[in-house]
Amino acid sequence: MDDRHDRESVYSSNYSQSSIPVTPPGLEAIYNACRRTYPDQPNPLQVTALVKYWLGGPDPLDYISMYANPGDENRGIPPHWHYISYGLSDLHGDGRVHDHNFRCNTNEGPSGFGFELTFRLKRESGETNPPTWPATLMQALARYVFQTENILYSGDHVPWHMPLDGSESRIQHMLMAEDAQLLPITTPFGVVNFVQIIGVCEEELRAAQHWNGPGVIELIRSQGCAGGPWLITDMRRGETIFEVEPHLQDQVEQGIETEGSNLSGVNSRCSWEEPGENGDDYYNEDMKDNRTVDERRNSNEIDRPRISDFESEQIKATLQKGLQFPRRDSREFEYDNTRRKQSFDSIGSSEGPTELLRTRTLDFVHLKFNLEAGSLLPLALKGRLRHGRHFTFMSALNDTAVTLVSTSVNGSIADENHPFAAHGPWLQVLLTDDFIEEMIVDTEELVHPDEIMCPKTYSWPERRLMITILPDEV
């Protein structure tokens, strides 16, 4: 308690020299942007963190303002509530939250994380006060950003897997876009962009995953019932854009075919193992065995050297640097990082201690995915590898990772002579163009996972590769 009072005293000293309260400069800059947009609402309703994050509170956003936007009937923009966050950017500039900006005396870079969140919620008839649940949602997203330091960009998608407002709504996921009214601003502590949350249905999220976020956002923008020009979320929306306009699905399929997918990887349930040296055993006995590699190792059927705890930690650190996928539970996120990393990041190019990670090649490989992950195999093949890209399945349970790469991917540790190569628990599988086309045909049924009877095994004996799809509950 004394420490918290000391911190509050130090942080308040910059603003306590005058009898008139002084608004922190970063906060004032966002206020000014909002006043320009809403000159008739100088004092909007606000949700405030009871204990500020920099005093040990759980909520990173100091404030969330809620404005009543009248919309524009002539442009098909309905009345709605406009929520704006304060806290992902640097509001104070004194190091209490964003240390890097406290050490930097320039305003040319990003302020804090460089953005604030906004959200537009359709206003119900007769509604006089804005619902507060969007503030809870924004705080949850902010906690994710602070904990993982993964910045949200326009075009990103956020699987949420439950109605955003806790109701029975079909709006259970989110896309991110530039706010329609709030343009980027420059504060004394750097630049702030305004990233708007858009509530979407499962089918719309899947389209963004399989194709790309910006493309699907433009489709949503074209449908007034789904968001319209300002991408306003309607929690009562009962139809997807593909149910309203079935031809939009054709546009998504055409986009995947011509442009590929921006989704470079997912957290999933996956594993891989190297069967015994006898190829006949591999294709006769191992196809019947759906146990994990750990279970087989514990039963002494696989005699493989164990790594030390120290080596395991080094591998874990290196994998995290090389893949940069956040751990995921049912309310965390998978997202596209193509804009951040255009080429394949091999372990050898990371900052990790590569002497502990000797590359080894494998003669045979058995991949195992749960059904949810397996349903993305057609996407990985058609939307990524066919376009000369890579796709990674990162285990949500441990450090296991499986990266599928095409022959044109730079930096891969696998090559055509040695298509299976591993660094610790990270396996790379190189697929030639003709094999990609063969696999696309053989696994096409995974596009409809509800029709798959698990376990389901796909085997390519001449390629020395086998893939087993297991039920999600396994």
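The legends below accompany several close-up views of a predicted model.

Residues are numbered from 1 along each chain as its sequence is written. In this predicted model, local features need pLDDT of at least 70 and side-chain atom pairs count only at pLDDT 80 or more, while totals for chains, interfaces and linings use all residues; side-chain values use heavy atoms, with hydrogens and water left out.

**Figure 1. Overview of the protein.**
The protein has 14 helices and 18 strands; helices (H or I, at least four residues) and strands (E, at least two) are DSSP runs, numbered from the N terminus. Of its 474 residues, 51% are buried, where buried means under 20% relative accessible area, exposed over 50%, and partly exposed in between (1.4 Å probe, protein chains only). The accessible surface comes to about 22200 Å², and carbon and sulfur atoms account for 47% of this area. Accessible areas come from the Shrake-Rupley method with a 1.4 Å probe; for residues, only the protein chains shown count as cover. Among contacts (heavy atoms within 4.5 Å) between residues at least 6 apart in sequence, 68% join residues at least 24 apart.

**Figure 2**
Strand 2 spans residues 63-69 and includes S65. Two strands pair if DSSP finds at least two bridges between them. Strand 1 (residues 45-48) is joined to strand 2 by 4 bridges in an antiparallel arrangement, with T48 opposite Y63. Strand 3 (residues 80-86) also pairs with strand 2 in the antiparallel sense, over 7 bridges, and H82 of strand 3 is the bridge partner of Y67. S65 counts as buried because its relative accessibility is 0%. Leaving aside residues up to four places away in sequence, S65 touches P44, L45, Q46, H82, Y83, I84 and Y86. The side chains of S65 and Y86 are joined by a polar contact of 3.3 Å. A polar contact is a pair of N or O atoms within 3.5 Å; within protein, one must be able to donate a hydrogen and the other to accept it, and residues adjacent in sequence count only if both atoms are side-chain atoms.

**Figure 2. Helix 6 and its packing partners.**
Helix 6 covers residues 213-221, and its buried residues are G213, G215, V216, I217, L219 and I220. These buried residues pack against strand 6 (173-178), strand 8 (190-200), helix 5 (202-210), helix 7 (241-244) and helix 8 (247-259). At the start of helix 6, a side-chain oxygen of N212 comes to within 2.7 Å of the backbone nitrogen of G215.

Axes are lines fitted to C-alpha atoms, for helices over the stretch in contact, and angles run from 0 to 180 degrees between N-to-C directions. Strand 17 and strand 18 (residues 465-470) run antiparallel and are joined by 5 bridges; K456 has I469 of strand 18 as its bridge partner.

**Figure 3. The six-stranded open sheet and R360.**
Here 6 strands form an open sheet of mixed pairing in the order 9-13-14-16-15-11. Its edge strands are strand 9 (265-268) and strand 11 (360-361), each of which pairs on one side only. Strand 14 (residues 401-406) and strand 16 (residues 426-431) run parallel, joined by 6 bridges, and V405 stands opposite L430. Helix 13 (residues 377-384) lies across strand 13 (390-395), strand 14 and strand 16, at about 155 degrees to strand 13. R360 lies in strand 11 and is partly exposed, with a relative accessible area of 31%. A polar contact of 3.0 Å joins the side chains of R360 and E274.

**Figure 4. Nonpolar cores.**
A nonpolar core is a set of buried Ala, Val, Leu, Ile, Met, Phe, Trp, Tyr and Cys residues joined through side-chain atoms within 4.5 Å. In the largest nonpolar core, of 36 residues, L367, F369 and F393 touch the most other members. Apart from this core lies another, of 32 residues, among them L88, A140, Y144 and I171.
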